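Reader: Hi, I have a new model open and would like to talk it through with you. Could you take a look?

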Amino acid sequence: DIGSLLVELALDQRKVVRLKGGDPLIFARLSEELLPLLRASIPYELVPGVSSVTAAACAGSLPLSMRGVSDRLVLVSGWDSRETRLPPYDAQQTVVIFMGLETVEHWTADALSQGYPADLPCFVCAQSSWKNQKQLKTMLSALPLAVKQASLQSPALFYLGWVVAELETRISAQTPSNQAAS
């Protein structure tokens with residue numbers, strides 16, 4: 001395992017760097033990697049980086065919260081279809097699902113059965129900041145099919161909430177053609 005390897009290399013008087021993509025502190029194994037270092041009294045340093053939650057949202061110009069639309073952010077692990085359970089629906093929240101590509105059909109069905117609106121806007125960013133990054137926007141009921149048709153590959157983050165469509169709605173409402181039609 002990685003923790004044991006870090007200890008082994010450090011005890012061999014080597015400088016060791018564990019470079020972790022994504023979010024090392026969210027749904028990751030940071031504690032499993034740090035515990036062996038702590039037990040062996042090996043000093044370490046964690047260097048903060050940009051969270052994949054914000055990186056993928058930035059790639060899509062997606063605010064995670066917006067006054068009057070979304071005042072909370074809920075992070076959910078979607079990797080295990082038996083354990084993935086979304087929080088109760090709340091129109092004021094943005095739900096971000098990590099590692100949910102393989103289980104999208106399961107947690108989408110769970111969301112709809114809990115009363116999440118079928119037309120709830122969704123944004124997906126796969127392989128954020130990579131040269132082959134893909135994004136899509138759709139509504140919750142169409143999400144599994146849209147993901148399949150787009151041939152998305154991991155890693156992918158899913159954003160569910162009204163904030164996904166709100167910025168575009170406000171921008172289009174302020175364009176001169178829309179103002180003239182009012």
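Reader: Great, let's start with charges. How many salt bridges does the structure hold?
Author: There are five salt bridges in the structure, where a salt bridge is a side-chain nitrogen of Lys or Arg within 4 Å of a carboxyl oxygen of Asp or Glu. Please keep in mind that this is a predicted model, in which local features need pLDDT of at least 70, side-chain atom pairs count only at pLDDT 80 or more, and totals for chains, interfaces and linings use all residues. Residues are numbered from 1 along each chain as its sequence is written, and side-chain values use heavy atoms, with hydrogens and water left out.

Reader: Fine by me. Which residue does aspartate 110 pair with?
Author: Aspartate 110 meets arginine 85 in a salt bridge, at 2.2 Å from N to O. This pair links distant parts of the chain, 25 residues apart: aspartate 110 sits in helix 4 (residues 104-113), and arginine 85 in the loop between strand 1 (72-77) and strand 2 (93-98). Helices (H or I, at least four residues) and strands (E, at least two) are DSSP runs, numbered from the N terminus.

Reader: And is aspartate 110 buried or exposed?
Author: Aspartate 110 counts as buried, because its relative accessibility is 8%. The cut-offs are under 20% relative accessible area for buried, over 50% for exposed, and partly exposed in between (1.4 Å probe, protein chains only).

Reader: Where is the cis peptide bond?
Author: The bond from serine 154 to proline 155 is cis, with omega near -5 degrees. Proline 155 is in the loop between helix 5 (143-150) and strand 5 (156-160).

Reader: Switching topic: what does glutamine 133 contact?
Author: Leaving aside neighbours within four places in sequence, glutamine 133 is in contact (heavy atoms within 4.5 Å) with Ala59, Cys125, Ala126, Gln127 and Ser128. Glutamine 133 sits in the loop between strand 3 (121-126) and strand 4 (134-139) and is partly exposed, at 27% relative accessibility. Its C-alpha atom is 9.0 Å from that of leucine 152, 19 residues apart along the chain.

Reader: Now the surface. Which residues form the nonpolar patch?
Author: The patch is formed by Leu25, Leu35, Leu38, Tyr44 and Leu46, with about 510 Å² of accessible area together. Patches are made of residues with over 30% relative accessible area and no salt bridge, joining like charges within 9 Å and nonpolar side chains (Val, Leu, Ile, Met, Phe, Trp, Tyr) within 5 Å. Accessible areas come from the Shrake-Rupley method with a 1.4 Å probe, and for residues only the protein chains shown count as cover. Tyrosine 44 lies in the loop between helix 2 (30-39) and helix 3 (52-59) and is partly exposed, at 40% relative accessible area.

Reader: Last one: what does the whole protein come to in secondary structure?
Author: Seven helices and five strands, in the sequence pattern α-α-α-β-β-α-β-β-α-β-α-α. The C-alpha trace spans about 70 × 35 × 30 Å along its principal axes. Buried residues make up 37% of the 182 residues. The protein exposes about 11,100 Å², with carbon and sulfur atoms supplying 55% of that area.
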